[in-house]
There are 2 protein chains.
Amino acid sequence: MTDTQINIASDDPVLETDFAVEMVRQMRAIDSYGTYDKWPVEQILAPFVLTKEQKREIPVVGDPDEIVMSRVKAFYNAIAALIEKECGLMAVPSINLTHEGFGRALITVGKLVVMDKTLRDVHRFSYPTLSKMKDEADKILSVALEIVGEYPKAAGL
Amino acid sequence: MTDTQINIASDDPVLETDFAVEMVRQMRAIDSYGTYDKWPVEQILAPFVLTKEQKREIPVVGDPDEIVMSRVKAFYNAIAALIEKECGLMAVPSINLTHEGFGRALITVGKLVVMDKTLRDVHRFSYPTLSKMKDEADKILSVALEIVGEYPKAAGL
């Protein structure tokens, strides 16, 4: 996608949520050269939100580059940070990607696997809207907290 | 190390153990060109056993290549296979290596993390003897089975 098209409105209420705030923090953490310093948050999160048409322009088969991989990691890091915030226990993401863009993303809390996802087509990793992206994160978060609640001792509570 | 020096005796009793048999199986699985077909088992496992002197010859800082990485994976795959055999539940290894040779190796059973190891200096991954290598595997195996025993429901029993 080009830097010029941003599919997030600057007044999108989702930008105020814990999830979006954490996503921006994670993106800034991998921005070694301070490129994002003067960017508005909607521009920093823009690569995660692609319209159907934009997504269609990306070849189906493709090797994800370092930038795309670091974005996927930022997403799961953000979710891990939210899990940690909610349950007070360290949540560790572990992302395993082959260069073909397939892989597995895990988040562990103590001895518990609270998220286990198969990754596919990582080079096209995106959501149609910021709100849909937050929905996915919320879903993962609530399942993770449920698992911690079910096995508190294994989680380390 | 050169292919000529093998630090495992062909009559080493450890070669008869489940662990060594599984290790050979894992090594054959990654041998796409059938190079090992006519090799004796001690030659197939030879790269895992380096004397102090041989290990010292490897630079302290180095990037592990694909072959070394696949060996590390074979080791944890073998342990996962043994865990599976013992507890009857699927054990899934997940190895996360940066190109600098640092990383994390996990084995999960159901929702349980039964092994969680930080990897360092992967390009020098080796043991002084085959017996010491088996000891390490046995230790991981017994801790893993203990964790499964402690949290059977999370493991899926």
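Student: How much accessible surface does chain A have, and what share belongs to carbon and sulfur atoms?
Tutor: In this predicted model, the accessible surface of chain A comes to about 8400 Å². Carbon and sulfur atoms account for 52% of that.

Student: Okay, and which secondary structure elements does chain A have?
Tutor: Chain A has 6 helices and 3 strands. Going along the sequence, the pattern reads α-α-α-α-β-β-β-α-α.

Student: How does its radius of gyration look against the globule rule?
Tutor: The radius of gyration of chain A is 16 Å, close to the 15 Å that the rule gives for 157 residues, so chain A is as compact as a globular protein of that length. Along the principal axes, its C-alpha trace spans about 50 × 35 × 30 Å.

Student: What percentage of the residues in chain A are buried?
Tutor: Buried residues make up 48% of the 157 in chain A.

Student: Which residues have the most contacts inside the largest nonpolar core?
Tutor: Those are A:Phe75, A:Tyr76 and B:Phe75, in a core of 100 residues. As general background, nonpolar side chains tend to be buried together in soluble globular proteins.

Student: Let's pick B:Phe75. What is it in contact with, leaving aside its neighbours within four places in sequence?
Tutor: Its partners include B:Phe19, B:Met23, B:Phe48 and B:Phe125. B:Tyr127, B:Met133, B:Glu136 and B:Ala137 are also in contact with B:Phe75.

Student: Switching topic: where is B:Val113 found?
Tutor: B:Val113 is in strand β3 of chain B, which covers residues 112-119.

Student: Is B:Val113 buried or exposed?
Tutor: B:Val113 has a relative accessible area of 3%. Buried means under 20%, so B:Val113 counts as buried.

Student: And what does B:Val113 touch, not counting residues up to four places away in sequence?
Tutor: Residues of both chains are on the list. From chain A there are A:Thr108, A:Gly110, A:Lys111, A:Leu112 and A:Val113. From chain B there are B:Leu106, B:Ile107, B:Thr108 and B:Ile147.

Student: How far is B:Val113 from B:Val148 in space?
Tutor: They are 9.0 Å apart, C-alpha to C-alpha, and 35 residues apart in sequence.

Student: One more: what is the phi of A:Asp121?
Tutor: A:Asp121 has a positive phi of about 50 degrees, although it is not a glycine. Most residues other than glycine have a negative phi.

Student: Where does A:Asp121 sit?
Tutor: A:Asp121 is in the loop between β3 (112-119) and α5 (130-150) of chain A. At 30% relative accessibility, A:Asp121 is partly exposed.

Student: What about phi of B:Asp121?
Tutor: Phi of B:Asp121 is near 50 degrees, again a positive value in a residue other than glycine. B:Asp121 is in the loop between β3 and α5 of chain B.

Technical notes: Residues numbered from 1 in each chain as written. Chains lettered and ligands numbered in written order. Predicted model: local features only at pLDDT ≥ 70, side-chain atom pairs only at ≥ 80, totals over all residues. Heavy atoms only, no water. Helix = DSSP H or I, 4+ residues; strand = E, 2+ residues; numbered from the N terminus. Rg over C-alpha atoms; globule rule 2.2 N^0.38 Å. Buried < 20%, exposed > 50% of the residue type's maximum accessible area, 1.4 Å probe, protein only. Areas by Shrake-Rupley, 256 points an atom, 1.4 Å probe, with all protein chains shown as cover. Core = buried A, V, L, I, M, F, W, Y, C linked by side-chain atoms within 4.5 Å. Contact = heavy atoms within 4.5 Å.
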